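Take a look at the structure below. The report after it starts with one residue and its surroundings.

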Amino acid sequence: MNGSFLRAAALVVVAAVAVVLYACTFVVSQTQSAIVLRLGAVRAVKTAPGLYFKWFAPVETVTLLDNRILDLDLSSQEIIASDQKRLVVDAFTRYRISDPLRFYQAVNNIPRANSQLASIVNGNVRSVLAEASFTAMVRTERSRLMNRIRDDVNREAARFGMTVVDVRLRRVDLPAANSAAVFQRMQTERQREAAEARALGGQQAQEIRARADRDATVIVAEAQQRSDEIRGEGEAERNKVFAEAFGKDPEFFSFYRSMQAYEASIKPGDTRMVLTPDSPFFRFFNGPNAQRQDGQAGTPAAPAVPAPARP
């Protein structure tokens with residue numbers, strides 16, 4: 001009887017100790033920070049992971065906050081850029097709780113923090129993008145604008161115990177009603193630029209062709225001049241050879257030149273000549289030693305004129 005009572009009492013004591021320990025301890029993980037409240041007032045802030053003790057509720061309560069980077073998607077909003085274009089901007093931001101005590105005292109929980117941060121980000125997005133043009137937002141200065149928005153938001157969010165890690169513009173676009181008109185204007189502008197490029201290309205091609213034709217004319221003229229000089233030198237050399245041959249044997253030279261004249265003038269098919277049979281042109285028909293009509297031997301009175309050179 002006494003043994004059973006003692007065991008039951010021991011179990012009750014152990015259970016009571018377990019309940020007290022469970023009620024008087026709490027665990028902070030690596031992704032959390034804890035704020036210990038005593039009757040609603042902040043008693044301690046725990047940021048390091050581990051096991052901690054506290055008084056049981058409702059004397060002391062613990063509020064756990066997330067230390068990880070949190071995402072906040074913002075709703076789309078319309079803004080007016082510096083070039084008076086109405087744009088639809090869709091942005092999102094990432095932040096973390098850098099000061100748990102200030103965060104708890106300022107906004108208390110994540111939903112209220114998201115609401116407060118959303119209004120801060122939207123306001124800075126409107127003020128920063130209102131000073132930029134549509135081209136700067138979309139193409140040239142997008143990164144700089146996002147960094148500037150992040151820095152401005154960080155200065156305001158610091159008083160709520162939050163640090164903004166990043167602010168991104170997910171989409172910057174024209175409203176659907178203006179997209180068709182802007183697309184048509186861009187298409188017209190591109191067509192005008194293409195026409196200018198084609199005109200410039202045609203002008204350059206014409207200049208290149210004119211320069212090539214001029215160079216070709218100069219090259220042909222120089223080549224023709226050189227060929228004429230070479231031909232003239234050849235004819236001079238030929239005349240020199242003829243003169244030397246005439247001086248060595250005038251009779252044979254006359255005979256040779258007459259044979260060339262026969263070959264060049266008497267051709268089958270289209271040769272028609274009206275000459276007397278005793279013409280000096282045919283004197284060698286009577287033999288290689290034929291005499292001229294003036295009674296002289298077949299010695300020519302002057303050196304034979306060489307045939308003109310063929311071009």
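T93 touches L70, D71, L72, L117, V121, V164, D166 and V167, leaving aside residues up to four places away in sequence. This is a predicted model. T93 sits in strand β8, which covers residues 86-97. Is T93 buried or exposed? T93 is buried, because its relative accessible area is 0%, and the cut-off for buried is under 20%. One of its neighbours also makes a polar contact: the backbone oxygen of D166 lies 2.9 Å from a polar atom of the T93 side chain.

**Helix α5**

Helix α5 runs over residues 142-157 and has 16 residues. From first C-alpha to last, α5 reaches 22 Å, close to the 22 Å expected at 1.5 Å a residue. Which residues of α5 are buried? They are L145, M146, I149, D152, V153 and A157. An α-helix has 3.6 residues a turn, so residues three or four places apart point the same way. What do the buried residues of α5 pack against? Their partners are α3 (110-129), α4 (134-140) and β9 (162-173).

**A residue of α4**

Helix α4 contains V138. V138 and D173 are 35 residues apart in sequence, yet their C-alpha atoms are 8.4 Å apart in space.

**Rings**

How many aromatic pairs are there? The count comes to one. The pair is F26 and Y52, and the pair is stacked because the planes are at 20 degrees, with under 30 degrees counting as stacked. The ring centres are 5.6 Å apart. F26 lies in strand β1 (residues 25-28) and Y52 in strand β4 (residues 50-53), so the pair ties together parts that are 26 residues apart in sequence. Both F26 and Y52 are buried.

R257 lies over the face of F242, at 5.1 Å from the ring centre.

**Distances side by side**

| Pair | What is compared | Distance |
|---|---|---|
| T93 and D166 | side-chain polar atom of T93 to backbone oxygen of D166 | 2.9 Å |
| R257 and F242 | R257 to ring centre of F242 | 5.1 Å |
| F26 and Y52 | ring centre to ring centre | 5.6 Å |
| V138 and D173 | C-alpha to C-alpha | 8.4 Å |

How values were computed:
Residues are numbered from 1 along each chain as its sequence is written. This is a predicted model: local features need pLDDT of at least 70, side-chain atom pairs count only at pLDDT 80 or more; totals for chains, interfaces and linings use all residues. Side-chain values use heavy atoms; hydrogens and water are left out. Helices (H or I, at least four residues) and strands (E, at least two) are DSSP runs, numbered from the N terminus. The expected span of a helix is 1.5 Å times one less than its number of residues. Buried means under 20% relative accessible area, exposed over 50%, partly exposed in between (1.4 Å probe, protein chains only). Contact means heavy atoms within 4.5 Å. Rings of Phe, Tyr and Trp (its six-membered ring) pair if their centres lie within 6.5 Å; planes under 30 degrees apart count as stacked, over 60 as edge-to-face and the rest as tilted. A charge sits over a ring if NZ of Lys or CZ of Arg is within 6 Å of the ring centre and within 35 degrees of the ring normal. A polar contact is a pair of N or O atoms within 3.5 Å; within protein, one must be able to donate a hydrogen and the other to accept it, and residues adjacent in sequence count only if both atoms are side-chain atoms.
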